[in-house]
Amino acid sequence: MAEFMERKYQSSFMTETYLNAKYSKKGVELLFFLNYDKEETDYNDILVFFIEGNTVFVVNWLTMINKSLASRFEKEIFSNYPQVKRIVWQKTLTPMESSISYSYVENADMCISLPSSKEEYNKMLSRNSRKIYVNKTHRIERDMEEMVIDAQPSDENIYMVDSLLAWKVEQLFRKGERSKASSELIKEVLMQKGSISYIKTSGREICVCLFYKVGTHVILEQTAYDDNYSSYSPGRVLLYQSILRFIEQGYTHFHFLWKGADYKKHYCAEEIPVYNTVVSRKKDIGYYNLVFKIKTRLLLRRIKRSKLGDKLVPIYNKLH
């Protein structure tokens, strides 16, 4: 199953390492809905899910879900688990459709469809972006000790995850936000599927980028840098140089993942909607209550991302 999921879905969220680290090792029992081909010799699809109370959560993040398969799955779940009142499809690339369902855009995967050569990619970029990346690269090569692109994670460099997360905590704190990243989970997946790019000067790293490689797809995990070197734009340079290296290696897609940072569009990333869907057994008060909560949360999120929200969120976070 692990080999099939990695080959078909090419999502770091669907690898055995990630599923074990995020769910199984924390006591969450994962279940699998297997859809076989006509000869029943191989899989067509695998749905990964767990049950919590009266809810089934499907965790096929960043995958396309066949709607007839989803319909069969929902029928089987409601038939075999009488205590289940609803099914939540998390972060899928397709909204689910059912007689009693509510779908909404949860986020967007910011993704670059990579061309076959570095020259083609540079032509995709704006003239200003190309100029900035080239000039900043030369400046870093001139002033810094070393810039390493696409290093294999090992016991010698895995500590850089902690450096990166420390910078991230500081940066988010100034915005009145908190980091939710798990160092343990990131390190575990990184050692199996990862890549590290970094810049060092005076014997220590001042910028780190972490990536996962699955099939022909590269997924950005995290990037952060020491604010004392912000004038060098080290994160921008590392991302640019890493993308060029991945193109050389034949990768076809680069995922920045979630929207919210405008810089991702400068690399020619496009927004791919990511959906959550709630499917209910029946349209009762519990269903309407849940939909109301979802709509309220989405409204608050829009307010948070507005100019008014920029002023109110730091105040709210300090009070709480």
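## Two loops with positive phi

Select Q10, which lies in the loop between α1 (2-9) and α2. The model is a predicted one. Although Q10 is not a glycine, the phi of Q10 is positive, near 50°.

## Aromatic pairs

Display the aromatic side chains. How many aromatic pairs are there? The count comes to 23 aromatic pairs, with ring centres required to lie within 6.5 Å.

Select F13 and Y18 from among them. The two rings form an edge-to-face pair, 5.2 Å from centre to centre, with 85° between the planes. Both F13 and Y18 are buried.

Now select Y23 and F50. The ring centres of Y23 and F50 are 5.7 Å apart and the planes stand at 40°, so this pair is tilted. Where in the chain do Y23 and F50 lie? Y23 belongs to the loop between α2 (16-22) and β1 (31-36), whereas F50 is in strand β2 (residues 43-52); the pair links distant parts of the chain, 27 residues apart. Both Y23 and F50 are buried.

Then select Y133, F211, Y240, F246, Y251, F254, F256, Y263 and Y267 together. Ring pairs join these residues into a cluster.

## Helices α5 and α8

Select helix α5 (residues 127-143) and helix α8 (residues 234-248), whose axes come within 9 Å and cross at roughly 105°. Because of that angle, α5 is roughly perpendicular to α8.

Show the side chains of the contact. On the α5 side are Y133, K136, T137 and I140, and these meet P234, R236, V237, Y240 and Q241 in α8. By class, the contact of α5 with α8 contains five nonpolar, two polar and two charged residues.

## Helices α6 and α7

Move to helix α6 (residues 160-174) and helix α7 (residues 183-193). The axes of α6 and α7 come within 10 Å, with a crossing angle of roughly 140°. The two helices are therefore oblique to each other, and α6 passes α7 in a right-handed crossing.

Which residues make the contact between α6 and α7? From α6 come V161, D162 and L165, and from α7 come S183, I186, K187 and L190. The contact of α6 with α7 divides into four nonpolar, one polar and two charged residues.

## Strand β10 and H253

For the last stop, select H253 in strand β10 (residues 253-258). Is H253 buried or partly exposed? The relative accessibility of H253 is 24%, so H253 counts as partly exposed.

Apart from neighbours within four places in sequence, H253 is in contact with C111, I112, S113, L114, T216, H217 and V218. H253 and V28 are separated by 225 residues in sequence and by 31 Å in space, C-alpha to C-alpha.

Technical notes:
Residues are numbered from 1 along each chain as its sequence is written. This is a predicted model: local features need pLDDT of at least 70, side-chain atom pairs count only at pLDDT 80 or more; totals for chains, interfaces and linings use all residues. Side-chain values use heavy atoms; hydrogens and water are left out. Axes are lines fitted to C-alpha atoms, for helices over the stretch in contact, and angles run from 0 to 180 degrees between N-to-C directions. Helices (H or I, at least four residues) and strands (E, at least two) are DSSP runs, numbered from the N terminus. Angles under 35 degrees count as roughly parallel, over 145 as roughly antiparallel, 65 to 115 as roughly perpendicular and the rest as oblique. A crossing is left-handed if the near helix is turned anticlockwise from the far one by less than a right angle, and right-handed if clockwise. Contact means heavy atoms within 4.5 Å. Ala, Val, Leu, Ile, Met, Phe, Trp, Tyr, Cys and Pro count as nonpolar, Asp, Glu, Lys and Arg as charged, and the others, Gly among them, as polar. Rings of Phe, Tyr and Trp (its six-membered ring) pair if their centres lie within 6.5 Å; planes under 30 degrees apart count as stacked, over 60 as edge-to-face and the rest as tilted. Buried means under 20% relative accessible area, exposed over 50%, partly exposed in between (1.4 Å probe, protein chains only).
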